[in-house]
Amino acid sequence: TECKEQSQPALELHHLIQQLCSDSQETPCLSNWLKHPDLGAVTMALMPAEERDAGNHTLLTDFVLSGLSSRPELQHLLFFTICFVYSLTLFGNLLICMVTVHPTLHVPMYFFLRVLSFLDISTASVVVPKMLVNLLSEDRSISYSGCVTQLYCVVFLAATEWYLLAAMAYDRYMAVCSPLRYAAIMNTRVCLSLVLLSCCSGNVVSVVQTAWVFTLSFCGPRRINYFFCDIPPLIMLSCTDTSLYEKQIISATVLVILTPFCLILLSYACIISSILKLSSAESRHKTFSTCSSHLTVVTLYCASGTLIYLQPKSSNSQDTKKILALIYTTVIPTLNPLIYSLKNKEVREVLIRVWGK
């Protein structure tokens, strides 16, 4: 009798495995789950038909964010570290916003840098405050509407920043390769048009992506294994077939990240080609140093975003994806003021003058 009682769980597990294998041939969403393990999909597949149909019409009221780490002993350390980095982000970017309005810096490059600093402050502020609260709170829930808003803002700001970086690379290309025509071509109207076009393009991308994600059915667990609402962890919760959406994500990644990145590389290749023709070694060194700094940050930004979005349901460790997401939402906004502005001699001189006053 004891043997039968002990073997009962094993028999139940055996029957469940058999059911999964047989149902996967007939149930597309279950077959998809077996390829990409997702608790939501298997929950949906094993529901009775009437419950499954009813579940499709049930609206979630909130999600739960798991945060950066589940280890209690790391929560306070992470809180103070991220709080310090966030403070640096705010201080550095606000400083750039204030300094670049100085009369001696009224050129297109500094106008774009001011917009970039605003985007960096916004990106960090959309993600970090909620993450800091969750590190010290037991309640890590986020409302459904809050999750929609956060996803829209993150995608909008990231896409806009990529298009702006491409516009900045074009600006640098014109300044180095066509210095005599630079002032005429990169006038105020053109600069404003490039920024407006970047924002409109980012808005279109964000609206499409956000609307598409939240048309998926979420009928399984509501726990998001992430520290903010993002596309990859959200589609992992879906109990419907997401293969079409995954292909669309790859297309969007190519359009939003890889295309601007290739344009940036092309611009800097032309710039470096022009640098090599300069007679002054000092000028070559100065321009090459600036270009290499810019390319380092852009490459880091591209690598982190591409690894996350090109394979939204990959088998990579979720902790690895969290670190990559932390890079482009927290670390990059801190580095941009240092790389793009504070290494610039003109900006440093203005800072010294302002500080002296």
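**Exercise 1. Two helices near the end of the chain**

At what angle do helix H5 (residues 75–99) and helix H14 (residues 345–356) pack, and how many Å apart are their axes? Classify the arrangement and describe the residues of the contact.

*Solution.* The model is a predicted one.

Step 1. Two packed helices are described by the angle between their axes and the distance between the axes. For H5 and H14, the angle is about 85 degrees and the axes are 11 Å apart.

Step 2. Angles of 65 to 115 degrees count as roughly perpendicular. H5 is therefore roughly perpendicular to H14.

Step 3. On the side of H5, the contact is made by Leu95, Ile96 and Val99. H14 contributes Val347, Val350 and Leu351.

Step 4. By class, the contact of H5 with H14 has 6 nonpolar residues, no polar and no charged ones.

**Exercise 2. Helix H6 and its two partners**

Determine how helix H6 (residues 108–136) is oriented towards H7 and towards helix H9 (residues 188–213).

*Solution.* 

Step 1. H6 and H7 pack at an angle of about 160 degrees, and their axes are 10 Å apart. Because angles over 145 degrees count as roughly antiparallel, H6 is roughly antiparallel to H7.

Step 2. The crossing of H6 past H7 is left-handed. The residues of this contact comprise 16 nonpolar, 4 polar and 5 charged.

Step 3. For H6 and H9, the angle is about 25 degrees, with the axes 10 Å apart. Because angles under 35 degrees count as roughly parallel, H6 is roughly parallel to H9.

Step 4. H6 passes H9 in a right-handed crossing. Pro108, Phe111, Phe112 and Val115 of H6 meet Cys191, Leu192, Leu194 and Val195 of H9 in this contact. By class, the contact of H6 with H9 has 8 nonpolar residues, no polar and no charged.

**Exercise 3. Alanine 167**

Is alanine 167 buried or exposed, and which residues does it touch beyond its neighbours within four places in sequence?

*Solution.* 

Step 1. Alanine 167 is located in helix H7.

Step 2. The relative accessibility of alanine 167 is 7%, so the residue counts as buried; the limit for buried is under 20%.

Step 3. With neighbours within four places in sequence left aside, alanine 167 is in contact with Phe112 and Leu194. Phe112 belongs to H6 and Leu194 to H9, and both take part in the contact of these two helices.

Step 4. The C-alpha atoms of alanine 167 and methionine 109 are separated by 9.9 Å, although the two residues are 58 residues apart along the chain.

**Exercise 4. The nonpolar core**

Which residues of the largest nonpolar core touch the most other members, and which helix gives the most to this core?

*Solution.* 

Step 1. The largest nonpolar core has 82 residues, of which Phe63, Trp162, Leu165, Ile224, Ile231, Leu234 and Ile264 touch the most other members.

Step 2. Helix H7 (residues 144–177) gives the most to this core, namely 16 residues.

Step 3. Apart from residues up to four places away in sequence, isoleucine 231 touches Leu151, Val155, Gln209, Val213, Tyr245, Ile249 and Tyr309.

Step 4. A wider rule gives context: in soluble globular proteins, nonpolar side chains tend to be buried together.

**Exercise 5. The whole chain**

How many helices and strands does the protein chain have, and what percentage of its residues is buried?

*Solution.* 

Step 1. The protein chain has 14 helices and 3 strands.

Step 2. Of its 357 residues, 45% are buried.

Step 3. Among contacts with a separation of 6 or more, 77% join residues 24 or more positions apart.

Notes: Residues numbered from 1 in each chain as written. Predicted model: local features only at pLDDT ≥ 70, side-chain atom pairs only at ≥ 80, totals over all residues. Heavy atoms only, no water. Core = buried A, V, L, I, M, F, W, Y, C linked by side-chain atoms within 4.5 Å. Buried < 20%, exposed > 50% of the residue type's maximum accessible area, 1.4 Å probe, protein only. Helix = DSSP H or I, 4+ residues; strand = E, 2+ residues; numbered from the N terminus. Contact = heavy atoms within 4.5 Å. Axes fitted to C-alpha atoms, helices over the stretch in contact; angles between N-to-C directions. Left-handed = near helix turned anticlockwise from the far one by under 90°. Nonpolar A, V, L, I, M, F, W, Y, C, P; charged D, E, K, R; others polar.
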